[in-house]
Amino acid sequence: MITSKRRPGQRRKDYLLLLSLFVMMLLCVSGCVRPDTGFTVYPEAFSAPPDVYADMNTTQVSMSVGETMLVSYPWTPEDGRYWRVSVTEGLYVTGDRYIPFPIDMPVEDSGMREWMVRATSPGTQTFIGNLRPRATSWNQESVQRKIMVTVMNNEQGKPAGFA
């Protein structure tokens, strides 16, 4: 009769290896690991027209809870920089997309990066967009755009905290 001789702790290592493979498989299947992480496109977020439009020149807007804002910033993905956005708790980014300009259009930027943002709670909120160079780009500047958003209650149409 042939029996396999295992070293002490070998069984534990086998279980840890199987457990880690199972967790990695679960993450991949659940969608937590995605190959397109730079471009999260939710077409349904852009199906209805927004209530407010914002661009590079916008610094302040007013919205009511439940309304949406379309933020459009110029972008040339080929130059190596990328947009990162952040919002405060009263705003929620429901989708983002890239819209390229026609190839024969003589412009500096090759398209627009757009985000659809929904107001979820009243108060003074902030949308911040950072155009940042990749780690290997040493000669490109960073650009930051900030939009102060006053979100009002639906019922009164007044800013939150006002009677």
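Start by selecting R113 and D96: they form a salt bridge (a Lys or Arg side-chain nitrogen within 4 Å of an Asp or Glu carboxyl oxygen), with the closest N and O atoms 2.8 Å apart. R113 sits in strand β6 and D96 in strand β5 (residues 91-100), so this pair ties together parts that are 17 residues apart in sequence. Strands here are DSSP runs of E, at least two residues long, numbered from the N terminus. Both R113 and D96 are buried, where buried means under 20% relative accessible area, exposed over 50%, and partly exposed in between (1.4 Å probe, protein chains only).

Before moving on, a word on what you're looking at: this is a predicted model, where local features need pLDDT of at least 70 and side-chain atom pairs count only at pLDDT 80 or more, while totals for chains, interfaces and linings use all residues. Residues are numbered from 1 along each chain as its sequence is written, and side-chain values use heavy atoms, with hydrogens and water left out.

Next, pick R97 and E114, whose side chains meet in a salt bridge at 2.9 Å, N to O. R97 belongs to β5 and E114 to β6, so this pair too ties together parts that are 17 residues apart in sequence. R97 is partly exposed at 27% relative accessible area, whereas E114 is buried at 9%. The structure holds 2 salt bridges.

Now jump to R81, in strand β4 (residues 81-87). R81 is buried, at 16%. Show its contacts (heavy atoms within 4.5 Å): beyond four places in sequence, they include W75, L131 and E141.

Stop next at S121, in the loop between β6 (111-119) and β7 (123-133). S121 is partly exposed at 27% relative accessibility. Setting aside neighbours within four places in sequence, S121 touches V65, E89, G90 and V151.

Finally, colour by pLDDT, the predictor's confidence in each residue from 0 to 100. The chain's mean is 78, and 70% of its residues reach 70 or more. Select residues 30-39, where pLDDT stays under 50 and the model has 11 contacts beyond four places in sequence. Where pLDDT is low, the predicted coordinates should not be read in detail.

How values were computed: Helix = DSSP H or I, 4+ residues; strand = E, 2+ residues; numbered from the N terminus.
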